[in-house]
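Biologist: Could you take me through a close look at the salt bridges here, and then at the pockets? I'd like to know which residues are involved and where they sit.

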Amino acid sequence: QKEVEQNSGPLSVPEGAIASLNCTYSDRVSQSFFWYRQYSGKSPELIMSIYSNGDKEDGRFTAQLNKASQYVSLLIRDSQPSDSATYLCAVNKGYSSASKIIFGSGTRLSIRP
Amino acid sequence: GAVVSQHPSRVICKSGTSVKIECRSLDFQATTMFWYRQFPKKSLMLMATSNEGSKATYEQGVEKDKFLINHASLTLSTLTVTSAHPEDSSFYICSARDYTDTQYFGPGTRLTVL
């Protein structure tokens with residue numbers, strides 16, 4: 001089992017609709033969770049971080065965390081063509097200075113006009 | 001948000017030469033930096049964890065004598081690819097971790113070995 005699993009996609013969503021991206025993780029003691037966006041040929045860009053169960057909203061983005069189910073998701077409302085990218089789910093593993101972030105393989109999102 | 005720079009952004013070198021890539025956290029101190037490699041259409045692969053003032057921790061399968069990492073200060077880590085070969089051609093990305101455990105990525109360095 002991979003430590004962080006995502007559906008590779010591509011996920012195709014019409015412009016203006018809600019895009020839903022999902023991620024599961026295996027390490028039950030993980031406490032920090034992140035969503036990054038990566039455009040082709042560029043490095044990842046942090047979109048959201050979430051540490052507590054529930055929802056966290058930032059503009060058009062909402063991150064959802066359910067530690068009991070080991071599940072984290074990202075919702076993008078009013079999807080725009082500029083949202084077309086690969087979205088990486090990341091989970092912090094370990095403690096203190098020995099911790100490191102484990103990335104999923106990413107979900108390719110395509111917003112069709 | 002926090003800013004991480006990388007230099008150079010692009011480098012082309014001949015097989016057998018060494019290449020040094022710098023990673024700097026510009027507006028925060030980073031006791032830990034990370035080096036990743038990414039091949040086209042593939043996910044990020046963690047190569048090593050760089051801790052200020054101590055030896056880097058390499059992931060399994062990464063040759064520490066080939067990929068030399070130095071984390072000389074709280075804002076600078078360097079990756080040197082020694083005796084580079086064409087199969088080392090890749091996109092190298094560094095990241096720096098702040099006190100909230102959030103990692104911020106540099107813009108990446110595209111290495112082409114001829």
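Modeller: A:Arg60 is partly exposed, at a relative accessible area of 26%, while A:Asp83 is buried, at 1%. Here buried means under 20% relative accessible area, exposed means over 50%, and partly exposed is in between (1.4 Å probe, protein chains only). This is a predicted model, in which local features need pLDDT of at least 70 and side-chain atom pairs count only at pLDDT 80 or more, while totals for chains, interfaces and linings use all residues. Residues are numbered from 1 along each chain as its sequence is written, chains are lettered from A and ligands numbered from 1 in the order in which they are written, and side-chain values use heavy atoms, with hydrogens and water left out.

The side chains of A:Arg60 and A:Asp83 form a salt bridge at 2.9 Å, N to O; the term means a side-chain nitrogen of Lys or Arg within 4 Å of a carboxyl oxygen of Asp or Glu. That pair links distant parts of chain A, 23 residues apart: A:Arg60 is in the loop between strands 6 and 7, and A:Asp83 in the loop between strands 8 and 9. Strands are DSSP runs (E, at least two residues), numbered from the N terminus. Over all chains, the count is 7 salt bridges.

Another of them pairs A:Lys100 with B:Glu59 at 3.0 Å, N to O. A:Lys100 lies in strand 10 of chain A and B:Glu59 in the loop between strands 6 and 7 of chain B, so this pair joins two chains. A:Lys100 is partly exposed, at 22%.

Both residues also line the second largest pocket, along with others including A:Phe103, B:Tyr36 and B:Leu46. A pocket, on a 1 Å grid over the protein atoms alone, is an open set of points where a 1.4 Å probe fits, with protein on both sides within 12 Å along at least five of seven lines; lining residues have an atom within 4 Å of a point. This one has a volume of about 260 Å³, the space filled by probe spheres set on the points. Strand 10 of chain A gives the most to its lining, with 4 residues. The lining divides into 7 nonpolar, 1 polar and 2 charged residues; Ala, Val, Leu, Ile, Met, Phe, Trp, Tyr, Cys and Pro count as nonpolar, Asp, Glu, Lys and Arg as charged, and the others as polar.
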